[in-house]
Amino acid sequence: MVEIRKDYFTESLCIVGDESIGWGSEQEETVCPYCAGNEHLTPPAELILLQSQGSLVKTCDSEDERIKNWSIRVIPSRKPFVSTSPTQRYNDAPLYSEPAFGYHYEIVATPSHSETLSTISVEQWSNILRVIQDRMKWLYGKKGVTYVSVYAEHKCEHARFNVVTLPKLPPIIEQEATTFQKTYHETAVCPMCNVVSIETGGPRQILLSEHYIVFSPWAPSTLHEFWIFPRKHQTSFLKVGQKELNDLSLVMRAVLGAFDKTFNSIPYTLVLHSSSEKKVSKQLHWHFEVHTNISLGNSLHVGTGLYFNSISPEQTASKLGSAARRELATLVGVA
Ligand SMILES: [Zn+2]
Ligand SMILES: [Zn+2]
Ligand SMILES: [Zn+2]
């Protein structure tokens with residue numbers, strides 16, 4: 001059974017899953033299935049980026065043979081949230097439910113167990129972002145895929161991204177896209193471009209590059225939260241070209257590297273918010289958000305929906321900003 005259920009009263013959704021789906025089990029495992037050399041512990045990789053004679057080649061595993069010396073692997077998730085054969089049950093409110101149809105992949109970001117998103121090279125970051133684009137494009141071509149969600153948990157057992165497709169726009173994307181549509185309709189200005197312009201050079205700016213701005217949001221929902229936005233209006237992450245991708249990789253690596261050093265490796269989740277590629281879907285100005293797992297005032301939030309943050313985004317930006325500029329200088333070799 002895997003189904004999407006909606007709350008009795010609000011728009012909040014919950015996927016009710018099934019533990020029996022997927023591969024491997026944590027109790028049995030004494031070795032990491034994502035590490036180089038343990039490829040046989042996972043299903044065949046459907047996409048592999050391979051270092052071959054100085055250039056990168058795209059390939060995939062076969063059923064009985066696993067490719068070695070890979071740089072990035074894309075495999076079906078060990079614990080999928082959605083299924084290509086979900087419950088075929090539709091229910092009306094107040095017990096609303098629909099099948100949780102979808103695909104769930106994991107992009108193994110590095111063959112090495114000790115690397116994290118904050119330590120892998122800028123070049124590897126660029127490869128990862130290209131593989132994410134590749135997989136998103138492929139998934140948007142599938143039937144029953146309305147939204148492709150991409151996220152990574154910093155402190156998971158081996159650095160990797162999750163790519164989960166959903167049969168409908170998730171509530172957060174729906175909300176951001178609705179705000180975009182409404183403001184754009186009324187003022188002919190993208191509200192997110194407006195935010196980029198307000199935050200550029202302001203007290204919450206962390207890093208500014210040719211194409212991207214990193215800033216701490218005005219009303220954060222987690223401690224030391226920050227967002228990465230393209231400075232020019234762009235609706236989809238799939239529209240990012242190679243030159244911008246290189247810039248993004250450098251910015252990403254600089255700020256995540258600095259984050260670890262500044263805030264003692266607080267676990268974070270990196271999420272992509274991008275427009276759906278399905279024609280009828282509402283658009284938004286794509287961006288990454290980085291949320292820590294420290295959501296202060298959690299009980300206040302449960303009771304009221306309000307967040308409480310004892311450290312202001314301006315304080316976070318000032319600390320993380322100087323560390324990120326130092327990290328960037330080291331990465332480009334001018335320190
Ligand atoms: Zn590992
Ligand atoms: Zn915009
Ligand atoms: Zn967002």
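A crossing of two helices is called left-handed if the near helix is turned anticlockwise from the far one by less than a right angle, and right-handed if clockwise. By this rule α4 passes α6 in a right-handed crossing. The model is a predicted one, in which local features need pLDDT of at least 70 and side-chain atom pairs count only at pLDDT 80 or more, while totals for chains, interfaces and linings use all residues. Residues are numbered from 1 along each chain as its sequence is written, and chains are lettered from A and ligands numbered from 1 in the order in which they are written.

Helices (H or I, at least four residues) and strands (E, at least two) are DSSP runs, numbered from the N terminus. Two packed helices are described by the angle between their axes and the distance between the axes. Axes are lines fitted to C-alpha atoms, for helices over the stretch in contact, and angles run from 0 to 180 degrees between N-to-C directions.

| Helix pair | Angle | Distance between axes |
|---|---|---|
| α4 (residues 242-262) and α6 (residues 313-331) | about 125° | 8 Å |
| α1 (122-140) and α4 (residues 242-262) | about 120° | 8 Å |

Angles under 35 degrees count as roughly parallel, over 145 as roughly antiparallel, 65 to 115 as roughly perpendicular and the rest as oblique. α4 and α6 are therefore oblique to each other. On the α4 side, their contact includes Leu250, Arg253 and Phe259, and on the α6 side Leu320, Glu327 and Leu331. Residues are in contact if their C-beta atoms, placed from the backbone, lie within 7 Å.

The angle of about 120° between α1 and α4 makes α1 oblique to α4. Their crossing is right-handed. Among the residues that meet are Trp125 and Leu129 of α1 and Leu248 and Met252 of α4.

The protein is divided into domain 1 (3-166) and domain 2 (171-331), with bounds that come from an automatic or database domain assignment. Their C-alpha centres lie 23 Å apart. How many residues of each domain are in contact with the other? For domain 1 the number is 23, and for domain 2 it is 26. On the side of domain 1 that touches domain 2, the elements giving two or more residues are α1 and β8 (147-153). α1 gives the most, with nine residues.

Conventions:
Contact = placed C-beta atoms within 7 Å.
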